[in-house]
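Here are some notes for a colleague who is opening this structure for the first time. Please read them with the model on screen.

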Amino acid sequence: ATLLPGLIDAHTHLLHQYYHAHGDDGANTLVETATLSGADRALLGAANARAMLEAGFTAVRDLGNSGVNNDVALRNAIARGWVAGPRMYVSTRALSPIGGQFAPLAEGAQALVAREYVEVTGPEEARRAVRQAVYDGADWIKVIVNSGRSRLAQDELAAIVATAQELGVRVAAHATKGDAAALAAAHAGVDTIEHGYTISQEVIEEMLAKHIVLVPTDSATAPHHAERIRRALAAGLPLAIGSDAYYAEDGMTRGQRAAAIYRRYVAAGMSPLAVLRAATLVPGALLDPEHPLGTIAAGALADIIAVRGNPLEDISALERVGFVMKGGAVALDTLSAPER
């Protein structure tokens, strides 16, 4: 077996699960927000958290789509030992333009948006939303820079970042569909850009200048995702890999789905060693620079896994976790018994 630091998923949604049978994202959003209570969301999250830990993920950054503060409750329950799961760094509800990431809703249904997002218009609302999130227990601020035709303004983004810095939390920015949203987020000085599927060299250079980490959540079927990974690698942009898994898949736990993502990055041109760094060391420094994560070293948190095989030769070894230790306590051990 090979001993490694515990894996870190830099972009998860443990309290969020869609089903192909319900249709597309828009249909699933309505079903989830309209039919699941906060207790439902927390219990779903607990099941997914256990699956993540057993797959070797000892820490995750959970970025919204959790209802109203249910992610805080799950994080605290794990920390208290009430349920098993990875260390969670949470954002509460994401800050967003009007409508969040919902498709257009009839007037009577628009109240659903507030169950998932805090809509902001103007710098003052943006500042208040950050303060509320921190009061509610957020470790990070998640901001939806763009959704459909809606986008936050530059002064709103600047207010979010400045207020987060004052309060000692960092900002993760959802940015997709072209350069505009990612460039606005980079100009504002966010800490991470999520997705950024089509970012150009201009955006990459701005991110490098401001020490912004890219958190790719790549599809296995989109060639332009891999092209952007190769541009980022060539420029030396730091990457922290996130699964962004939220659809249920028959025969796979959430943890198994998350562990299967690493093959995509080797296929995109990353070396197995670079993938391991993006799955451990880089996100560890991002999430908790004061209590070392993602490394095996004196003084670091004792989050350690063992996998069958050598991931430096075959990255799919990360899908064969047989031992998990979190904080010095063994959470899983199937390596002690000989293989049959």
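1. The model is predicted. A place to begin is His-211, found in the loop that runs between helix H7 (201–209) and strand S12 (213–215). His-211 is not a glycine, yet its phi is positive, near 60°. Most residues other than glycine have a negative phi. His-211 counts as exposed because its relative accessibility is 68%, and the cut-off for exposed is over 50%.

2. Asn-69 also has a positive phi, of about 65°, without being a glycine. Asn-69 sits in the loop between strand S3 (57–62) and helix H3 (70–79).

3. How many cavities of 30 Å³ or more does the structure hold? There is one. The space in the largest cavity is about 60 Å³. By class, the lining has four nonpolar, three polar and two charged residues. Helix H4 contributes the most to this lining, with four residues.

4. H4 (residues 123–136) also packs against helix H5 (residues 154–167). The angle between the two is about 35°, and their axes are 8 Å apart. The crossing of H4 and H5 is right-handed.

5. Which residues meet where H4 and H5 pack? From H4 come Pro-123, Ala-126, Arg-127, Val-130, Arg-131 and Val-134. Facing them, H5 supplies Asp-155, Glu-156, Ala-159, Ile-160, Thr-163, Ala-164 and Leu-167. Eight residues of this contact are nonpolar, one is polar and four are charged. The spacing along each helix can be read with the helical repeat in mind. An α-helix has 3.6 residues a turn, so residues three or four places apart point the same way.

6. Is helix H6 (residues 180–188) mostly covered or mostly open? H6 is mostly covered, with seven of its nine residues buried. The buried residues are Ala-181, Ala-182, Leu-183, Ala-184, Ala-185, Ala-186 and Ala-188. Among the elements that cover them are H5 and H7, together with strand S8 (146–147), strand S9 (150–151), strand S10 (170–175) and strand S11 (192–195).

7. After H6 comes Gly-189, with a positive phi near 90°.

Terms used. Residues are numbered from 1 along each chain as its sequence is written. This is a predicted model: local features need pLDDT of at least 70, side-chain atom pairs count only at pLDDT 80 or more; totals for chains, interfaces and linings use all residues. Side-chain values use heavy atoms; hydrogens and water are left out. Buried means under 20% relative accessible area, exposed over 50%, partly exposed in between (1.4 Å probe, protein chains only). Axes are lines fitted to C-alpha atoms, for helices over the stretch in contact, and angles run from 0 to 180 degrees between N-to-C directions. A crossing is left-handed if the near helix is turned anticlockwise from the far one by less than a right angle, and right-handed if clockwise. Contact means heavy atoms within 4.5 Å. Ala, Val, Leu, Ile, Met, Phe, Trp, Tyr, Cys and Pro count as nonpolar, Asp, Glu, Lys and Arg as charged, and the others, Gly among them, as polar. On a 1 Å grid over the protein atoms alone, a cavity is a set of points where a 1.4 Å probe fits but cannot get out, and a pocket is an open set with protein on both sides within 12 Å along at least five of seven lines; lining residues have an atom within 4 Å of a point. Grid points are joined across faces, edges and corners, and a volume is the space filled by probe spheres set on the points.
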